[in-house]
Amino acid sequence: MSRTLIEVTGVSKSYGGVVANNDISLSVKEGTITGLIGPNGSGKTTLFNSIVGYHPIDGGSIKFKDQEISELRVPQIARLGMLRTFQQTRIYSAMDCVHNMMISISHRETTFKEMFTKHPPEVREKAEHLLEFVGLYQKRKLISGDLSFGQQKLLEFAMALMNEPEVLLLDEPTAGINPTLINGLIDRLGRAATDFGITLFIIEHNMRVIMNMAEDIYCLAHGELLAQGTPDEIQNNQSVIDAYLGAH
Amino acid sequence: MTFSKKETLLCLSVLVFGVAGPLLFPNYTFQIAVLWMMVVFAQTWDTLGGQMGYNSLGNIFFFGAGMYICSVIQISLYYDICTYTAHSGAVKVDFTPYQYFSGLAVGLLAAGAFSIVFAIIFGWAMFGLRGPYFAIGTLGVALAAGEVIGAWDCIGGGGGISLPPYPGEPDTRSYFFAILMFILAVITFTFLKWLYSTRFGLAINAIRDDESKAEAMGIQTKLHKMLAWASSAVPLAIAGGIFGNMTGFIEPLEVAFPTVTFGIFMVVMVLLGGKGTLWGPILGAVTFHVVKELTWTYLLGLQWVALGAFIVILVVFFQQGLVGWMQDKWPERFGITVDERMSVEEKEAAS
């Protein structure tokens with residue numbers, strides 16, 4: 001039995017009168033791929049934001065490796081080894097791809113002195129290898145903002161890998177990507193989990209993707225946890241079908 | 001730090017001009033000194049505005065603060081500053097060459113050191129602001145500083161301070177300050193070229209492109225921002241100290257904290273040359289200074305109108321600046337190319 005990496009207990013978050021998350025509890029186990037699904041506006045991204053420290057939560061507890069992190073801020077949590085990617089895809093758009101990668105190395109142990117040194121050559125090599133891994137090697141010297149949307153998503157994913165996080169929260173990794181590229185991305189996400197040993201927690205609307213990848217799936221609706229289970233259990237859960245999947 | 005062949009050539013010709021320029025054109029020594037000051041202005045403004053994406057309208061604060069700190073210290077070392085300013089002009093003060101130069105050296109170093117403290121204090125307060133709010137907030141700091149100094153009678157108030165006279169010939173005096181400004185510009189350039197080549201440089205670029213993303217990746221954004229401001233504050237403060245001594249008389253509004261002239265020129269020069277590039281600000285400063293001097297010479301009376309029109313044309317038609325325009329036109333010269341090789345192995349096999 002692998003240990004629990006993220007433990008969310010009774011987390012609530014409201015924006016004014018809108019209750020975005022109400023008493024949500026879930027856990028992500030080390031070395032697994034966990035899915036988070038639900039209709040638009042069901043509070044998935046809010047929950048992600050709460051976990052990575054983007055905003056304070058109204059109540060409940062969030063633990064990462066048994067450490068309470070609900071009071072910590074984004075950069076501190078990132079340095080603990082938990083990263084997220086963004087739904088809107090965020091990269092450093094005026095820098096070239098290699099630089100995007102190089103500045104994404106882990107800042108966990110960066111000393112004050114290291115801030116004022118150059119990156120060692122291994123960092124550039126690693127950046128180039130990871131760019132090759134996501135298929136952007138040829139474009140590595142181009143300004144990243146000039147890449148297509150799908151390529152930017154791949155770059156953002158590679159940047160996250162560069163950081164060597166223990167857990168990676170992906171917010172809709174396949175949104176806006178064409179079907180061929182999606183297959184490649186699924187393959188790479190899987191390899192991130194197996195080859196790099198990164199625990200993945202994924203928000204995804206593409207059911208084909210998430211049902212194939214995740215071992216454990218949580219479904220949110222109207223800010224509440226609706227169901228939890230294996231892909232099979234979720235697909236056959238009547239309340240999930242009613243709220244989200246729709247009847248066939 | 002590495003220099004390409006072209007850069008080496010460029011640096012050498014700048015060095016030759018810096019040393020020989022004032023000797024070849026003795027009538028323009030003051031203008032040449034101001035030119036180097038403009039180069040320092042543009043380079044340091046670009047650290048925040050271009051490299052880090054924080055458009056400050058208040059960088060002139062460090063210039064004025066440095067000017068006053070340097071002046072007050074170099075006088076206080078040998079005289080009581082309150083008596084000195086109260087009798088300014090009426091009492092003959094004599095500084096021996098030793099007193100003059102030691103005072104100047106201590107004053108300039110102190111100006112640099114204090115500016116770091118100021119950058120940290122104001123950085124703490126200002127870096128919660130982003131975009132136009134940061135610009136206005138910093139402008140407020142510079143304006144307020146001018147008013148505070150103006151109300152501070154002991155250091156001359158609105159009447160200003162006459163600085164100790166230079167112990168030497170007028171010609172050596174102007175050459176001395178031109179060289180001092182030139183050395184400052186060269187050190188600033190070398191320092192920034194090095195700084196931009198380190199992780200620190202990449203990190204502030206990341207903050208410019210997407211600060212939330214940089215935070216989410218674990219970069220210590222606040223620390224980087226304050227250090228970046230401090231790096232641009234030090235040369236500015238020293239430039240202020242030199243400029244105060246060069247003009248010989250300082251006062252708060254027109255000389256020390258001129259927000260609408262030098263404060264805006266900093267921004268215009270960087271926009272003209274190209275934001276976020278190493279050579280852009282220098283190119284911008286030189287072009288701007290030449291254009292400005294030409295309009296002051298040949299369009300006297302209309303010089304501000306001409307300068308205003310120049311700025312408008314610049315921001316409407318030429319937003320990326322000279323170097324930015326070149327980068328768009330010849331991307332491959334800046335290394336922005338597609339590599340046809342598919343993989344790291346192919347590259348290694350080829351080399």
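Helix H3 of chain B, residues 60–76, is mostly covered, since 16 of its 17 residues are buried. Here a residue counts as buried if 20 or more other C-beta atoms lie within 10 Å of its own, as exposed if 12 or fewer do, and as partly exposed in between, with the C-beta atoms placed from the backbone. Helices (H or I, at least four residues) and strands (E, at least two) are DSSP runs, numbered from the N terminus.

A word on what you are looking at. This is a predicted model, in which local features need pLDDT of at least 70 and side-chain atom pairs count only at pLDDT 80 or more, while totals for chains, interfaces and linings use all residues. Residues are numbered from 1 along each chain as its sequence is written, and chains are lettered from A and ligands numbered from 1 in the order in which they are written.

Let's stay in chain B and visit another helix. B:Gly49 lies in helix H2, residues 29–52. Is B:Gly49 buried or exposed? B:Gly49 is buried, with 25 other C-beta atoms within 10 Å. Leaving aside residues up to four places away in sequence, B:Gly49 touches B:Tyr54, B:Asn55, B:Ser56, B:Val267, B:Val270 and B:Lys275. Touching, or being in contact, means that the C-beta atoms of two residues, placed from the backbone, lie within 7 Å. B:Cys11 is 38 residues from B:Gly49 in sequence and 24 Å from it in space, C-alpha to C-alpha.

Now step back to see chain B as a whole. Its secondary structure comes to 16 helices and two strands. The radius of gyration of chain B is 22 Å, close to the 20 Å that the globule rule gives for 351 residues, so chain B is as compact as a globular protein of that length. This radius is taken over C-alpha atoms, and the globule rule is 2.2 Å times the number of residues to the power 0.38. Buried residues make up 45% of the 351 residues in chain B. Among its contacts between residues at least 6 apart in sequence, 81% join residues at least 24 apart.

Chain A has ten helices and ten strands. Its radius of gyration is 18 Å, close to the 18 Å from the globule rule for 248 residues, so chain A is as compact as a globular protein of that length. Along its principal axes, the C-alpha trace of chain A spans about 55 × 40 × 40 Å.

Five of its five residues are buried, so E7(A) is largely enclosed by the rest of the structure. In a regular strand the side chains alternate between the two faces of the sheet. Here A:Val167, A:Leu169 and A:Asp171 point one way, while A:Leu168 and A:Leu170 point the other way.

Which strands pair with E7(A)? Strand E6 (residues 82–84) runs parallel to E7(A) and is joined to it by three bridges, with A:Met82 as the bridge partner of A:Val167. Strand E8 (residues 199–203) also pairs with E7(A) in the parallel sense, over five bridges, and A:Leu170 has A:Ile202 as its bridge partner. Two strands pair if DSSP finds at least two bridges between them. E7(A), helix H7 (residues 179–194) and E8(A) make a right-handed β-α-β unit; right-handed means that, with the strands pointing away from the viewer, the path from the first strand over the helix to the second runs clockwise.

Chain A also holds an open sheet of four strands in the order E2-E1-E4-E5, with antiparallel pairing. E2 (18–29) and E5 (67–68) stand at the edges with a single partner strand each, so one side of each is left without a neighbour in the sheet. E4 (residues 59–64) and E5 pair over two bridges, and A:Lys63 has A:Glu68 as its bridge partner. In the loop between E4 and E5, A:Lys65 has a positive phi of about 50 degrees although it is not a glycine. A:Asp66 lies in that loop too, and its phi is near 70 degrees. A:Lys65 is partly exposed, with 16 other C-beta atoms within 10 Å, whereas A:Asp66 counts as exposed, with 9.
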